[in-house]
Amino acid sequence: MLLRSASLVAAVAALAVSACTGSNHTSGSPGLPPMATRSFALDGGQLVARALPPRTIGEELPSEGVGSVHSAPWGAVVGGFTQMRYAQVLAFPPGTILHVRNLSKTTAHTLDVVEAIAKAPARFPQSPSLAVAAAGHGVLGKGYASGIIQPGKSITVKLLKPGIYLIGCAFHYSLGMRDVLIVRKGAKPGPQGTPAPQPTATPSTAPSSSPPGGGW
Ligand SMILES: [Cu+2]
């Protein structure tokens with residue numbers, strides 16, 4: 001058992017290394033800052049890879065690392081949400097079963113639909129009332145709310161109807177967790193922002209990170 005999990009860790013580590021070197025050799029990752037390898041870290045024995053799988057949105061406070069970006073086409077600053085690594089306008093085809101993952105180690109978030117809009121610009125209302133409790137039966141649309149997503153956890157939401165949705169976190173909308181989510185065939189996500197400045201190099205891998213009972 002011990003042996004098996006040890007070799008699993010080794011395999012995962014090898015995977016991470018090959019993923020890193022792979023991205024260094026290919027030219028197919030435009031716009032990714034050179035600091036990319038920084039994000040591969042072992043945290044409590046778990047591999048935390050910040051490049052997200054397909055059909056996944058990651059969210060956290062802009063200041064937790066995902067950052068913010070000004071989107072010229074949408075005339076707005078968006079932040080806190082990404083489908084790659086750093087904040088960007090989000091886009092998925094209709095029919096997607098979307099995973100929403102809380103990337104934070106410490107802070108709960110939500111994904112709520114603020115409103116649906118017909119076209120640019122994205123005018124985020126000053127202080128909308130966003131539900132903390134889940135609403136909308138797991139289907140993205142007006143009035144949808146994910147409910148609380150604990151740190152490291154994910155929920156799924158179905159993208160059935162094409163449209164342009166302003167989304168935000170019920171807790172941290174005022175702290176910049178707001179974005180544009182385009183549901184349309186062939187729509188492309190926006191360019192990524194840059195990470196928020198990190199005050200210290202590697203603070204969060206300190207001893208404190210062993211959740212009792214494998215919490216997440
Ligand atoms: Cu939040």
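**Figure 1. Contacts across the whole chain.** Among contacts between residues at least 6 apart in sequence, 69% join residues at least 24 apart. The model shown is predicted. The protein has 1 helix and 12 strands. Of the 216 residues, 31% count as buried.

**Figure 2. The largest nonpolar core.** This core has 37 residues. Leu90, Leu140, Tyr165, Leu166, Ile167 and Val180 have the most contacts inside it. Seen by element, at least two core residues each come from strand E5 (76-79), strand E7 (90-92), strand E8 (96-102), strand E9 (112-117), strand E10 (154-159), strand E11 (163-168) and strand E12 (178-183). E11 gives the most to the core, with 4 residues.

**Figure 3. Tyrosine 165 and its contacts.** Tyrosine 165 is one of the residues with the most contacts inside the largest nonpolar core. Setting aside residues up to four places away in sequence, Tyr165 touches Val113, Ala116, Leu140, Leu181 and Val183. Leu140 is also among the residues with the most contacts inside that core.

**Figure 4. An open sheet of 4 strands.** The strands stand in the order E6-E3-E8-E10. Their pairing is mixed. Strand E6 (81-82) and E10 are at the edges. Each has a single partner strand, so one side of each is left without a neighbour in the sheet.

**Figure 5. The pairing of E3 with E6.** Strand E3 covers residues 56-59. It runs antiparallel to E6, and 2 bridges join the two strands. Look for glutamate 59: its bridge partner in E6 is phenylalanine 81.

**Figure 6. Glutamine 150 in its loop.** Glutamine 150 lies in the loop between E9 and E10. Glutamine 150 counts as partly exposed because it has 14 C-beta neighbours inside 10 Å. A residue needs 20 or more to be buried, and 12 or fewer to be exposed. Leaving out neighbours within four places in sequence, glutamine 150 is in contact with Asn102 and Ala108.

Methods: Residues numbered from 1 in each chain as written. Predicted model: local features only at pLDDT ≥ 70, side-chain atom pairs only at ≥ 80, totals over all residues. Contact = placed C-beta atoms within 7 Å. Core = buried A, V, L, I, M, F, W, Y, C linked by C-beta atoms within 7 Å. Pairing = 2+ DSSP bridges.
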